[in-house]
Amino acid sequence: MVEAGPNVTMNEGTNLTLTQSTFIDPNTSDTHTAIVDWGDGRTSTAIVTESATSGSVVASHLYKDDEDSPLTVKVTVIDNFTAAHTDSFQLVVNNVNPTLTVGADQNVNKGETLTLASATFGDVGILDTHSTVVIWGEGVHETEAVNQSAGTISGSHVYNAERVFYPTIVVVDDHGGLVAGSFKATIGTGNPLITLPYATFGAMALLTAAFIILVVWRRRQSARSDGRPTNQV
């Protein structure tokens, strides 16, 4: 008889070390092997430690993504006469928000092109795909190009007013996790026509970002359900 153990919750991008599974076999002369079906399409052979009529199963597996969570993890113990018994537990894999580095503040003249400086992102969910929106200010937001393998964001904007802006970069993964960050863009003299406290502007930007990202994420989910590629931006 196999006892796989209690249900488990963990974050994507981390290893599940299986140390909770045990088994009992009244035939003391039997030897055993074990296989773990991790629930994400992959299986592996486990290490079996046994003594007399009982034993334990140890194995480890990296969950690269939270896709299809919750998952059913199955532990199967097989004796040397090929008699097998399986038990399972439920595994919830949480999506983790990406991280973002927005780059340095910038100064450009009115009418010149401001290019994002070293904007990079990361994600412990290594199978996640990402989209990016930049809220430039002036009532303008744009979906920008993402290099998935390098974790970089590229984009540019031409400002037509001399003032200080706080462009906000928002990165969203394919399961709705998001991160946002801003930098200071001084255009020309930087003298604003309207002065807004940064905290107020930041709150407005994030509210706008939340709406934009919701739209982007829903489009990506719709594309996934239709079988279309989801790594386009």
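A strand here is a DSSP run of E with at least two residues, and a helix is a run of H or I with at least four, both numbered from the N terminus.

**Entry 1, the overall make-up.** I opened this predicted model and began with a simple count. I found one helix and 20 strands in the protein. Next I looked up burial: 39% of the 233 residues count as buried. I also checked the accessible surface, which comes to about 12,000 Å². Carbon and sulfur atoms own 53% of that surface.

I took the contacts with a separation of 6 or more and asked how many join residues 24 or more positions apart. The share I noted is 61%.

A reminder to myself: strands of a sheet pair through backbone hydrogen bonds, either parallel or antiparallel.

Strand S4 covers residues 32–37 and strand S7 covers residues 71–79. I saw that S4 and S7 run in the antiparallel sense, paired over six bridges.

I looked for nonpolar side chains on the outside and noted a patch formed by Leu62, Ile126 and Leu127. Together they have about 270 Å² of accessible area. I placed Leu127 in the loop between strand S12 (120–122) and strand S13 (130–137).

Definitions and conventions
Residues numbered from 1 in each chain as written. Predicted model: local features only at pLDDT ≥ 70, side-chain atom pairs only at ≥ 80, totals over all residues. Heavy atoms only, no water. Pairing = 2+ DSSP bridges. Buried < 20%, exposed > 50% of the residue type's maximum accessible area, 1.4 Å probe, protein only. Contact = heavy atoms within 4.5 Å. Areas by Shrake-Rupley, 256 points an atom, 1.4 Å probe, with all protein chains shown as cover. Patch = residues over 30% accessible without salt bridge, like charges linked within 9 Å, V, L, I, M, F, W, Y side chains within 5 Å. Salt bridge = Lys/Arg side-chain N within 4 Å of Asp/Glu carboxyl O.
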